[in-house]
Amino acid sequence: MFKPLHNYVLLERIEEESKTAGGIIIPDNAKEKPSRGKVIAVGDGAFDGDDRIPMSVKAGDTVLFAKWAASANEVKIDGKDYVLIKETDILGIL
């Protein structure tokens, strides 16, 4: 399995509902990329001098992350799509 380094987090996107509250179906080309994800793996944390800063998220957490995260990298591992982002781009745990 893939193990992120330092303060990187590997996420699997959670698809948003494809229908509005009023019942209107949103076509695939009009959908935004989801900004929710399930944490698959986390690094050990970034260094602050000689000390390591512990990670705030863990594998299995569902998180909300910045839609246009500067550090976001789309990666494919074993044929499955993931997002690799820095922990600082995670807005909160759901």
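Before I start, a rule to keep in mind: a patch is made of residues with over 30% relative accessible area and no salt bridge, and nonpolar side chains are joined within 5 Å. I also note that this is a predicted model.

Entry 1, the surface. I looked for a nonpolar patch and found one formed by L64, L91 and L94. Together they have about 290 Å² of accessible area. I then checked L94, which sits in the segment after β8 (90–93). L94 has 55% relative accessibility, so I put it down as exposed.

Side chains of opposite charge can pair when their charged atoms come close. How many salt bridges does the structure hold? I get five, and I looked at some of them.

K3 pairs with D44, with the closest N and O atoms 3.2 Å apart. K3 is in the segment before β1 (8–13) and D44 is in the loop between β2 (36–42) and β3 (47–48), so this bridge ties together parts 41 residues apart in sequence. K3 is partly exposed at 47% relative accessibility, and D44 is partly exposed at 47% too.

Next I checked E74 and R13, whose side chains meet in a salt bridge at 2.8 Å, N to O. E74 lies in strand β6 (residues 73–77) and R13 in strand β1, so the pair links parts 61 residues apart in sequence. R13 comes out partly exposed, at 23% relative accessibility.

Last, K76 and D81 form a salt bridge at 3.7 Å, N to O. Is K76 buried or exposed? K76 is exposed, with a relative accessible area of 59%.

Notes
Residues are numbered from 1 along each chain as its sequence is written. This is a predicted model: local features need pLDDT of at least 70, side-chain atom pairs count only at pLDDT 80 or more; totals for chains, interfaces and linings use all residues. Side-chain values use heavy atoms; hydrogens and water are left out. Patches are made of residues with over 30% relative accessible area and no salt bridge: like charges are joined within 9 Å, nonpolar side chains (Val, Leu, Ile, Met, Phe, Trp, Tyr) within 5 Å. Accessible areas come from the Shrake-Rupley method with a 1.4 Å probe; for residues, only the protein chains shown count as cover. A salt bridge is a side-chain nitrogen of Lys or Arg within 4 Å of a carboxyl oxygen of Asp or Glu. Helices (H or I, at least four residues) and strands (E, at least two) are DSSP runs, numbered from the N terminus. Buried means under 20% relative accessible area, exposed over 50%, partly exposed in between (1.4 Å probe, protein chains only).
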